[in-house]
Amino acid sequence: MSQINVRVDGVAYTDDVEPRTLLVHYLREQLGKVGTVIGCDTSNCGACTVHLDGAAVKSCTVLAVQADGGEVTTIEGLAQDGALHPMQKAFHEMHGLQCGFCTPGMIMASVDLLRENPNPSETEIREGIEGNLCRCTGYQNIVRAVQQAAGEMAGSASAREEVR
Amino acid sequence: MTVTEEPAVTQAPPREVGRPRRRKEDARLITGRTTWTDNMVLPGMLHLAVVRSPVAHARITGIDVSAARSAPGVVAVFTGRDFADEQGSIPCAWPVTPDMVNPGHPSIAVETVNHVGEAVAVIVARSRTAAADAVELVDVDYDLLPVVLDMEQALADGADRVHDHIGSNESYRFVFDAGEAGTGADTEQAFADAEVVVSRRFVQQRLIPAFMEPRAVVVQPQGDNYTMWSATQVPHILRLMLAMITGVPEHKLRVVAPDVGGGFGGKLQVTPEEVLSLLVARRLGKPVKWAETRSESLMSAHHGRDQIQYIDIAADREGNVKGLRCRILADMGAYLRLVSPGVPVLGAFMFAGIYKFPAYRFDCSGVFTNKTPTDAYRGAGRPEATFAVERIMDELAVELGMDPLELRRKNWIRPEEFPFTTVAGLEYDSGNYDAATQQALELIGYDELRAEQQRRREANDPVQLGIGFSTFTEMCGLAPSRVLGSLSYGAGGWEHAAIRMLPTGKVEVVTGSSPHGQGHETAWSQLVADTLGVPFEDVEVLHGDTSVAPRGLDTYGSRSLVVGGAAVVRAAEKVIAKARKVAAHLLEASEEDLDYSGGTFSVRGTPGAGVSIQEIALATFAAHNFPEGVEPSIDADATFDPVNFSFPHGTHICAMEVDTETGMVKIRKYACVDDVGTIVNPLIVEGQVHGGLAQGIAQALYEEAVYDADGNLTTGTFVDYLVPSAADLPHFDTGNTVHEAPGNPIGAKGVGEAGCIASTPAVVNAALDAVRHLGVRDIRMPLTPERVWRALHDGGDGGDRATAGTNAYGGAQTETTAGVSTPQSALGGDR
């Protein structure tokens, strides 16, 4: 067993984990963060995507010990002070989900995509989320959602600029 | 109770049906507050892991579980022998012919294994990891048997057999002959008299439903009661079947489908793992969980499609179709599961599509092979039928030198001919194929694309452009119970709903339909809001738990809205009828003088006198002032059994670029216009079309379950089984025409499968249209760059991804000689 210290969705945890424990298993089984799900065993589907120190990772591809000292944000910690993240809102508004199983990972990956590229084209969005599989939507409404969130986040960013 | 001077609701709320309501379901799904089965943790819960056969066909000569049993954390290890007397057989609810052979399907192998991935032992441990570790410690001795993989070889005389105890590899032979049925002319005569006959052999490759949420089961024993949570589409069917096969009485079983992450037919099943979880929980008296890995899912959850189709079409020189003859080999895999044999039969009546064939014959053999069983996958039988007819119409057009759309137009049912009884005996309800086609042509910019195609041809551009059509219909709204009975299906096709009026005026809607992504909570709320005149927000939809929704036949076959939604509307109408008596009493008026609108009863000719449904609900709860002899309840339930299927239709057009140098294909544009009847929620309808398109296009371009010559699934992970990503799919331009389904209380026809059924042939027809002038006459699905390149440069249909001797290999090239019967096509049988 190895001891890790990790902050998840704003809460500090100190835990013993098996060296082989994957981050996603740690999140789900030890912390009860079951909002993050497992869709495959080959790192293809992206359903388990979370943010580790601000960047998207597939939490099935990270060992829990690698998160030691790190800060993890899951889908459960994305909304702030009871307000949905613009990406969550956009997925709802644009009907970017059906069964919703891929949605936590899809949203976390999309947030990271906009962090790197705040104003992506449709092609850039499609390529940016190609590590996340959805079986229900055919992706079109997910693309729309990311575009809408990009617009909203750009709007609020420029609004902040103006205030300054 | 209180009769107000003014009606509580002064203004009728806007009509909900037709509004793009954002979904109620989303709130929990976008925040991770979900109830997937694998999220469940119960005190004392044990974890199951399944040891699976690594060989396709063998006798089990010994299993040594001693090392596994003594591994840390392992509570028990069971093999087939431990459950042989109580596991029964996985049920098959659809004996499609009286003499269909069902070899029986143990949940866990006892004597032999018949496909890779079949369960041979179950580990029970205190943790998921302890169970997984112990899987490696089970030692099984197998005495290998010959592996049967190719359907055509499997039917040959003297072929090796999948099941020793049955006489052949043929489970059944189902024939529908329109001449014999009296719904059409003599097919043999039609072909004998025909001026033109075109024959083709099409391969419907094996697919995997690949729902995103892997399957999971939790079972909790409580005394002699059992509660099962399962990632299933069919909690009601599952409960009934578990009771029948395990002997746990039905009233001692509760089945819950919590949040379920997609199904697409893949969770329309009673699975070996569900049975095993129940048996282990019963044996140990402890709660257990089984949750599969993706690799397990791809290997052992049922597959779909997998047909070889010999299609003959007869016509005259002017392009009037005269007959259609279909000889189908349908791969059942190693066993018959819930509706395995029925899947091709669901297509049997749809091969004629939207065309007025005077003669038709369908002849299908269900064939056993040493592969994972097949069963329902989005469309189930109808995509296979639609592909065959839409591909053969293109082939006939080429043979006749006609425009493929012109040929279709010449033969399809005219709008004024509805209702139209087809050569297969179905009564198509309504539609206008011309209107949908016109709209789709405009949507895609047809003339400009044809002009560009011409330019590229003339310039000998390495990237050629093709345009493909699919003008399709499907049968939805499964199903009229009497029709199912006539097809020997083991259950009816009705759906149940109940409405409970709560004292505060809020409404609980109980539906027997069991959603897993479709948006029932939203759409049903819209239906009830309109029918009852209550606010959308005041409606709560309950489902997926046999103790909450006690009657139901669940979700599949585009039936939820058409059948389940109709039941909801009928239940709401009954609530109003019951409330009318109470209103008349409270308003001291006669029932006949009451109008009901916007949630309020008012007295005709007496302005201002009214009582709302919410007030009646409270008055009913108190029951202080109630009409004599009337029970104090306005709750109601309804069971809706449709009198006919519904027939959505549409026109799908694909424009495809084919790079003749690399074989790469790319969808340039995709446009479709679907007629699904009344649209309750346009957002949800569009989403269903998008998702269906993605899966239909994936069959055409990406997905194929491939077995090697030993029967190993070589596409057993998402690395090898190509579920398309956002980058692999185009933008879709979608539209609708609306012809209400006559006889349906909502007017809806069903939309869940449309995109998946229609798109596959449009895509393949488009690719072929791009390269026919280069001598390519067929390309096998999926159209991988390698296959396309080979078809372009080596001739043939692009060949195989699999080893020779397997079905995916197919054994021979696609027959491409029009009108000539070859040994290859004759292998299909005696026609």
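Me: Helices (H or I, at least four residues) and strands (E, at least two) are DSSP runs numbered from the N terminus, so where is B:Ala210 found?

Reply: B:Ala210 is found in the loop between strand E8 (196-207) and strand E9 (216-222) of chain B, and its phi is positive, about 55°, although this residue is not a glycine. This is a predicted model, in which local features need pLDDT of at least 70 and side-chain atom pairs count only at pLDDT 80 or more, while totals for chains, interfaces and linings use all residues. Residues are numbered from 1 along each chain as its sequence is written, with chains lettered from A and ligands numbered from 1 in the order in which they are written.

Me: Is B:Ala210 buried or exposed?

Reply: B:Ala210 is buried, with 29 other C-beta atoms within 10 Å; buried means 20 or more such atoms within 10 Å of the residue's own, exposed 12 or fewer, and partly exposed in between, with C-beta atoms placed from the backbone.

Me: And what about phi of B:Arg305?

Reply: Phi of B:Arg305 is near 55°, a positive value in a residue other than glycine. B:Arg305 is found in strand E13 (residues 304-315) of chain B and counts as buried, with 28 C-beta neighbours inside 10 Å.

Me: Switching to peptide bonds, what is the one from B:Leu478 to B:Ala479 like?

Reply: That bond is cis, with omega near -5°, and B:Ala479 lies in the loop between strand E18 (463-473) and helix H16 (481-486) of chain B. The bond from B:Met781 to B:Pro782 is cis, with omega near -10°, and B:Pro782 lies in the loop between helix H21 (754-771) and helix H22 (785-794) of chain B.
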